[in-house]
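Subject: Structure handover

Hello,

Here is the structure I said I would pass on. Please open it alongside this note, which says what I found.

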Amino acid sequence: MRLPYVANPPPARTRQDAEIIERIQQRRAPRGLQPLDLALLHSPPLADGWNSFLGAVRTKTNLAADLRELAISRVAVCNRAWYEWKHHAPLAVEAGVSNEALETVKQEGELAEVEKPAELNDRQWAVLLYTDEMTRNVQIRDKTFARLESLFDDREVVEITGTVAAYNCVSRFLVALDGKAPGLTTHVANWFIF
């Protein structure tokens, strides 16, 4: 990390900082604070907002776990955010995504140029195409959106979009501040750790 992590347990300069730290610890329990938290806690208000927003994305949406983790894992590949991949690819497997399906997620090129693999159902494939376009291009082709909209209701579309947006934020934060990652490797297969 290009910045030092705050101490663990983090020092609380004010009562509000102590409350923020406690909220983050509660969300992370029983694992404890993560390196990402220890970087964010340089700015307790930012860490608090992050914790609330990402907590909602991770635990309060109606989005199926396989879809959420496929989207997050694809964002990680597109942005070369290996910390994110290392934590979410195993969660995709836990949610029922096969290792063969993850091979598609790991592809470095645009998924729109690939035929839908048999290991992915239509909903999973639509989420991956949408995630790929949203992450790489920001703007979504009408054809891609129509596919997504035909398979999901409005709430699900919002939750998929919010998940992809949130994890683009996470990956950009991690990649910008992690000075070591580019020197270690740029090939996602080396980070395929379970």
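First, a definition for what follows: Ala, Val, Leu, Ile, Met, Phe, Trp, Tyr, Cys and Pro count as nonpolar, Asp, Glu, Lys and Arg as charged, and the others, Gly among them, as polar. Note too that this is a predicted model.

Start with the largest pocket. Its lining residues divide into 9 nonpolar, 4 polar and 5 charged. The space inside comes to about 420 Å³. In total, 18 residues line this pocket, and Arg-28, Arg-31, Arg-58, His-88 and Tyr-167 are the closest to its centre. Which helix gives the largest share of the lining? That is α5, with 6 residues. Helices α1, α3, α5 and α9 each supply at least two lining residues.

Stay with α5 for a moment. Ala-92 is found in this helix. Ala-92 is buried, because its relative accessible area is 0%, and buried means under 20%. Leaving aside neighbours within four places in sequence, Ala-92 is in contact with Glu-69, Ser-73, Val-97 and Leu-102. Ala-71 is 21 residues away from Ala-92 in sequence, and their C-alpha atoms are 9.4 Å apart in space.

Next, the nonpolar cores. The largest has 33 residues. Inside this core, Leu-41, Leu-148, Phe-152, Ile-160 and Tyr-167 have the most contacts. Six helices, α1, α2, α3, α4, α7 and α9, each supply at least two of its residues. Helix α9 (154–177) gives the most, with 8 residues. Take Ile-160 as an example. Not counting residues up to four places away in sequence, Ile-160 touches Leu-63, Val-127, Tyr-130, Leu-148 and Phe-152. Another core, of 16 residues, lies apart from the largest one. Val-77, Val-105, Leu-120 and Leu-128 are among its members.

Is Asp-132 buried or exposed? Asp-132 is buried, because its relative accessible area is 2%, and the cut-off for buried is under 20%. A polar atom of the Asp-132 side chain lies 3.0 Å from the backbone nitrogen of Leu-111. Beyond residues up to four places away in sequence, Asp-132 touches Arg-74, Cys-78, Gly-109, Glu-110, Leu-111 and Asn-137.

That is the tour. Send me any questions.

Best wishes

Notes:
Residues are numbered from 1 along each chain as its sequence is written. This is a predicted model: local features need pLDDT of at least 70, side-chain atom pairs count only at pLDDT 80 or more; totals for chains, interfaces and linings use all residues. Side-chain values use heavy atoms; hydrogens and water are left out. Buried means under 20% relative accessible area, exposed over 50%, partly exposed in between (1.4 Å probe, protein chains only). A polar contact is a pair of N or O atoms within 3.5 Å; within protein, one must be able to donate a hydrogen and the other to accept it, and residues adjacent in sequence count only if both atoms are side-chain atoms. Contact means heavy atoms within 4.5 Å. A nonpolar core is a set of buried Ala, Val, Leu, Ile, Met, Phe, Trp, Tyr and Cys residues joined through side-chain atoms within 4.5 Å. Helices (H or I, at least four residues) and strands (E, at least two) are DSSP runs, numbered from the N terminus. On a 1 Å grid over the protein atoms alone, a cavity is a set of points where a 1.4 Å probe fits but cannot get out, and a pocket is an open set with protein on both sides within 12 Å along at least five of seven lines; lining residues have an atom within 4 Å of a point. Grid points are joined across faces, edges and corners, and a volume is the space filled by probe spheres set on the points.
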